[in-house]
Amino acid sequence: MTSTTQKPPVWFWIISVLALVWNAMGVMAYLGRAFATDEMIAALPEEQQAEFLVEYPAWYTAAFALAVFCGALGALFLLIRKKWAISLFVISAICAIIQHIYLFMNVEDMSLVMPIMVIAVCIILVWFAKHASSKGWIR
């Protein structure tokens, strides 16, 4: 059984690298939150310090971790042209949507720009991975 793959266009690589950078920033945000020390929090402006005082449920933290790490792995799998990118981006999108629905329902006076942008990028990356698969760019 042979599968044919097409050579992806340059814009595939550009989008894949941007996806990796985007998701790497998410990983850094998660790690910054997970491993922030009291001294690091004290050095932040007061409004940012308040964010660290909020206690989130364990499932929320797990959804955050899965969203960013699956997204980063999905981007890596795009770059090595493997179909696992689709599944990883789907998991990332589901977790990001769950995470942000919780925030929409429980955080007052929250800016909607970043959460909506995160969800939109997740959905676009799922579509992009499926599109790349249908074109034979990933196998």
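Predicted model: local features only at pLDDT ≥ 70, side-chain atom pairs only at ≥ 80, totals over all residues.
The crossing of helix 5 and helix 6 is left-handed.

**How helix 5 and helix 6 pack**

- Two packed helices are described by the angle and the distance between their axes.
- Helix 5 covers residues 84-106 and helix 6 covers residues 113-134; their axes come within 9 Å and cross at roughly 165°.
- Angles over 145 degrees count as roughly antiparallel, and helix 5 and helix 6 are therefore roughly antiparallel to each other.
- On the helix 5 side, the residues in contact include Phe89, Ile97 and Phe104, while helix 6 brings residues including Ile116, Leu125 and Lys130.
- The residues of this contact divide into 16 nonpolar, three polar and one charged.

**The largest pocket**

- The largest pocket has a volume of about 870 Å³.
- It is lined by 28 residues, and Ala29, Tyr60, Phe64, Gln99 and His100 are the closest to its centre.
- Helix 1 (10-34), helix 3 (46-53), helix 4 (58-79), helix 5 and helix 6 each supply at least two lining residues.
- Helix 1 gives the most to this lining, with six residues.
- By type, the lining has 19 nonpolar, six polar and three charged residues.

**The second largest pocket**

- The second largest pocket holds about 170 Å³ of space.
- Its lining residues include Tyr30, Arg33, Glu55, Tyr60 and Phe64.
- Helix 1 and helix 4 are the elements that give two or more residues to this lining.
- Seven of the lining residues are nonpolar, one is polar and two are charged.

Key
Residues numbered from 1 in each chain as written. Heavy atoms only, no water. Axes fitted to C-alpha atoms, helices over the stretch in contact; angles between N-to-C directions. Helix = DSSP H or I, 4+ residues; strand = E, 2+ residues; numbered from the N terminus. Parallel < 35°, antiparallel > 145°, perpendicular 65-115°, else oblique. Left-handed = near helix turned anticlockwise from the far one by under 90°. Contact = heavy atoms within 4.5 Å. Nonpolar A, V, L, I, M, F, W, Y, C, P; charged D, E, K, R; others polar. 1 Å grid on protein atoms, 1.4 Å probe; cavity = no way out; pocket = protein on both sides within 12 Å on 5 of 7 lines; lining within 4 Å. Points joined across faces, edges and corners; volume = space filled by probe spheres on them.
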